[in-house]
Amino acid sequence: MARSSQIRRIGDGNVLVVNQIVKEKVGILIGGGMAAEPLFLGYVGKNMADCAVIGNINAAPSPTLILEGTRAINQSKGVIYIFNNYTGDILCFDMAEELAEEEGIQTRSVRVWDDAGSAPIEEITNRRGITGAILVIKVAGGASNLVDNLEELYRITEEARDNTRSLIVVSRSGHYLENGEKMFDLPDGQIEIGVGLHGDPGFMKCEMMPVDEVVDIMMEKLLGELQCKRRDEIAILINSMGATSITELFLVNRRINQIASIKGIRIHNTDIGYFYTSQDMVGFSISALKLNGERKTFFDQPSNSFSYKRD
Amino acid sequence: MIQSLTVEQVNNMMVFVSKNIVDKQEELNEADRLIGDGDHGNSMALGFNTVQSVLNEKSPETVADVFKKIGNAFISSVGGCAGIIFGTFFRGGSKAIGGQPELNSENFAVFLDAALAAIIKRGGAQAGEKTMIDTLQPAVKVAYQMRSFPLQTSLQRVVEAAFHGMESTKLMLAQTGRSKTYGKKTLGHLDPGSITTYLMFKYMAEYVFGLDKNSF
């Protein structure tokens, strides 16, 4: 990879680790299937994750690979796993935890379930994990160089997860890399809000409408669930699902800022770009992370990874 | 009548089971094609082939070691959910029977009970959702009822119970994993994981009956 001076691959599988592991640090290991790039491999680096373990296309990484990554970054302080909430990933990381425990390595798992469109709030643990994972990794990575206690870092990471919500809106399916076929059917002129990476059902299907109206619906849901009040601070991540242009994302950003200023909510930071994609899908996602004092400190740590950099 | 098996016999029994299930690769794929992505036979063949090579490598010292090796073989060789679930089954069961030097109907029941609990915990599925749990649960129940009988008798009854459990999955709707998306189409078809589970018991029993010089 381009930044090979900072990360290296170990073994034969897709296990990427930072070149210089900080001593006496709780490790952060992230992972999932391939084909949502740059999630997860783009987020390994300083004040981000220490290791990413990647499976095959849309398949969870095997417990053996996860264990390999765990061994590589463990500094006797334990390792935190951060991954998106899919059945295969849950099984593989759960198994990896058992294998690590047998070797005396302490681990904790944080499943990210930020997709507010995938299930009602009462069933939050059934929700999918999407772009919010990047914000959770940002907080956890920043915290991991300031907090050297596994349980404490676990609490911080879980709280970051609990204060993160995302939604995807799509107007055209992406095409599978393997065979060029459409991943799902969405009639021309229609959009779906709350949809998943491969067209997994969302919460609202309707005629195409102006971007401001779409953003209004999305932000209403995100800010509502996060119970954002006047003077609350949030971090925003606006992401192209693959074929939506950065120019279009700026339109989304413009509306988000209008909404925030009307509601008196302060946007502490905004990231705009390609963070999580589904091939050539036309659409975008918005993620919001509600900040508090400590989360803001951790979030603001300078970070340097292939797909997320901040001074 | 076979009362119990030595570690070496357990090892040989599982090699026998593995060989026979590998032979069923195509049938298992076919069963999975009806309600899933059609690769269950491939996963099981990969897993049980690896099992054969690790069991032939070096003789384990305890019964638990045999099962743990099998579990690890599944986890390291089979990608995806099937590998983890079958790996969890054998590893979960092996943890419960410690360093015992023989397999009898008593610790066989303990093994099965712990194996079932481990896959329920890991996979999050419940009985009635068209999974191998529906085949295992009745088998565990019978294994407990038979725990003061010779292993041979216990196994015979366990096979019967597993067969009925497997058959019961025909009438169930898949509610977990990828076959969930097939919805009503899963009605009338057996759950492939249940077929493999039943076959494991069937070939275990065949091996044990083969050791008994007095049975036909």
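Predicted model: local features only at pLDDT ≥ 70, side-chain atom pairs only at ≥ 80, totals over all residues.
Trainee: Let's start where the chains meet: how many residues of chain A are in contact with how many residues of chain B?
Mentor: Residues are numbered from 1 along each chain as its sequence is written, and chains are lettered from A and ligands numbered from 1 in the order in which they are written. Two residues are in contact if their C-beta atoms, placed from the backbone, lie within 7 Å. On the chain A side there are ten residues, and on the chain B side eleven.

Trainee: Which element gives the largest share of the side of chain A that touches chain B?
Mentor: Helices (H or I, at least four residues) and strands (E, at least two) are DSSP runs, numbered from the N terminus. The elements that give two or more residues to this side are α1 (63–73) and α2 (87–102) of chain A. With six residues, the largest share comes from α2(A).

Trainee: How confident is the model overall, and what pLDDT does chain B average?
Mentor: The model scores ipTM 0.81 and pTM 0.89. In chain B, 98% of the residues score at least 70, and the average pLDDT is 93.

Trainee: What radius of gyration does chain B have, and what would a compact globule have?
Mentor: The radius is taken over C-alpha atoms, and the globule rule is 2.2 Å times the number of residues to the power 0.38. The C-alpha trace of chain B spans about 45 × 35 × 35 Å along its principal axes. For 216 residues the rule gives a radius near 17 Å, and this agrees with chain B's 16 Å.

Trainee: In what pattern do the helices and strands of chain B follow each other?
Mentor: Chain B has nine helices and two strands. Read along the sequence, they go β-α-α-α-α-α-β-α-α-α-α.

Trainee: Which residues of α8(B) are buried?
Mentor: A residue is buried if 20 or more other C-beta atoms lie within 10 Å of its own, exposed if 12 or fewer, and partly exposed in between, with C-beta atoms placed from the backbone. What covers the buried ones includes β1 (4–6), β2 (102–104), α6 (105–123), α7 (133–145) and α9 (192–211) of chain B. They are Leu151(B), Ser154(B), Leu155(B), Val158(B), Val159(B), Ala161(B), Ala162(B), Gly165(B) and Met166(B).

Trainee: Is Phe275(A) buried or exposed?
Mentor: Phe275(A) is found in the loop between β12 (266–273) and β13 (282–290) of chain A. Beyond its neighbours within four places in sequence, its contacts include Pro38(A), Ile134(A) and Leu237(A). Because Phe275(A) has 26 C-beta neighbours inside 10 Å, the residue counts as buried.

Technical notes
pLDDT = per-residue confidence, 0-100.
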